[in-house]
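Subject: Structure handover

Hi,

Here is the structure for you to look over. My notes on it follow below.

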Amino acid sequence: MFKKITPDNVMMYAMKHYNNPQGTLVQPSIQLQNLKTKTWKIAYLQNDTAIDTSRQQIISKRHIALGKDKHRVETILLQAKPTINNQWPTQSLASLYFDKLYQLQDNKQQPCRYFIIDPRGQVVLCYPQDIAPKAIDQDLRKLLKNSRIG
């Protein structure tokens with residue numbers, strides 16, 4: 001009769017009832033086993049070897065804008081094949097997971113390229129390429145405020 005209460009259910013409930021989230025809630029959830037750490041992640045999905053350094057610099061400063069919670073967040077680059085990148089920590093994904101993320105679209109049917117990933121490796125929200133960095137901040141602050149993990 002009652003649904004089992006899990007951290008995933010609580011997070012999904014919080015995001016569904018959060019007024020005007022900027023990102024799109026990822027449902028069904030995608031679990032990235034190799035990204036389980038103690039921190040939340042702002043991740044950029046990169047398909048090619050061309051790196052937009054100006055965009056990376058803006059996004060990599062997002063965790064600084066979080067103030068007292070900045071130690072709870074890191075910025076990473078997700079790739080199908082590892083390449084050299086000095087600005088962000090890089091994580092290679094199995095092609096199955098990379099393809100799943102690459103095919104995700106936001107509420108306006110734009111492809112998602114930025115993601116918020118919780119400390120358990122669950123992809124929570126996704127954002128299009130041209131999202132304003134402050135939009136990611138708003139959602140991340142809400143998640144950090146309501147989360148006891150990370």
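Start with β3, which is mostly covered: six of its seven residues are buried. Buried means under 20% relative accessible area, exposed over 50%, and partly exposed in between (1.4 Å probe, protein chains only). Strands are DSSP runs of E with at least two residues, helices are runs of H or I with at least four, and both are numbered from the N terminus.

Before the rest, some ground rules. This is a predicted model, where local features need pLDDT of at least 70, side-chain atom pairs count only at pLDDT 80 or more, and totals for chains, interfaces and linings use all residues. Residues are numbered from 1 along each chain as its sequence is written, and side-chain values use heavy atoms, with hydrogens and water left out.

**Overall fold**

The chain has five helices and six strands. Along the sequence they follow the pattern α-β-β-α-α-β-β-α-β-β-α. Of the 150 residues, 43% are buried. Among contacts (heavy atoms within 4.5 Å) with a separation of 6 or more, 65% come from residues 24 or more positions apart.

**The sheet**

The six strands form an open sheet with mixed pairing, in the order β1-β6-β5-β2-β3-β4. Two strands pair if DSSP finds at least two bridges between them. β1 (24–31) and β4 (90–92) are at the edges with a single partner strand each, so one side of each has no neighbour in the sheet. On average, neighbouring strands are turned by 35° against each other, direction ignored.

β3 (residues 73–79) runs parallel to β2 (residues 40–46), and seven bridges join them. Trp-40 has Val-73 in β3 as its bridge partner. Leu-45 stands opposite Leu-78 in β3. β3 also pairs with β4, again in the parallel sense, over three bridges. There, Leu-77 faces Thr-90 in β4.

Helix α5 (residues 133–146) lies across β2, β3, β5 (112–117) and β6, at about 160° to β6. Axes are lines fitted to C-alpha atoms, for helices over the stretch in contact, and angles run from 0 to 180 degrees between N-to-C directions.

**Cys-126**

Cys-126 sits in strand β6 (residues 122–128). It counts as buried because its relative accessibility is 1%. Leaving out residues up to four places away in sequence, Cys-126 touches Gly-23, Thr-24, Val-26, Gln-105, Cys-112, Tyr-114 and Phe-115. Tyr-114 is twelve residues from Cys-126 in sequence, and their C-alpha atoms are 5.6 Å apart.

**Backbone points to check**

Most residues other than glycine have a negative phi, and most peptide bonds are trans. Two places here deserve a look. The Gln-27 to Pro-28 peptide bond is cis, with omega near -5°. Pro-28 lies in strand β1. Gln-109 is not a glycine, yet has a positive phi of about 65°. It is in the loop between α4 (95–103) and β5. At 54% relative accessibility, Gln-109 counts as exposed.

**Second largest pocket**

Its volume is about 160 Å³. The lining consists of Pro-21, Gln-22, Gly-23, Thr-24, Asp-106, Asn-107, Lys-108, Gln-110, Pro-128, Asp-130 and Ile-131. By class, that is three nonpolar, five polar and three charged residues. Ala, Val, Leu, Ile, Met, Phe, Trp, Tyr, Cys and Pro count as nonpolar, Asp, Glu, Lys and Arg as charged, and the others, Gly among them, as polar. On a 1 Å grid over the protein atoms alone, a pocket is an open set of points where a 1.4 Å probe fits, with protein on both sides within 12 Å along at least five of seven lines; lining residues have an atom within 4 Å of a point. Grid points are joined across faces, edges and corners, and the volume is the space filled by probe spheres set on them.

Best wishes
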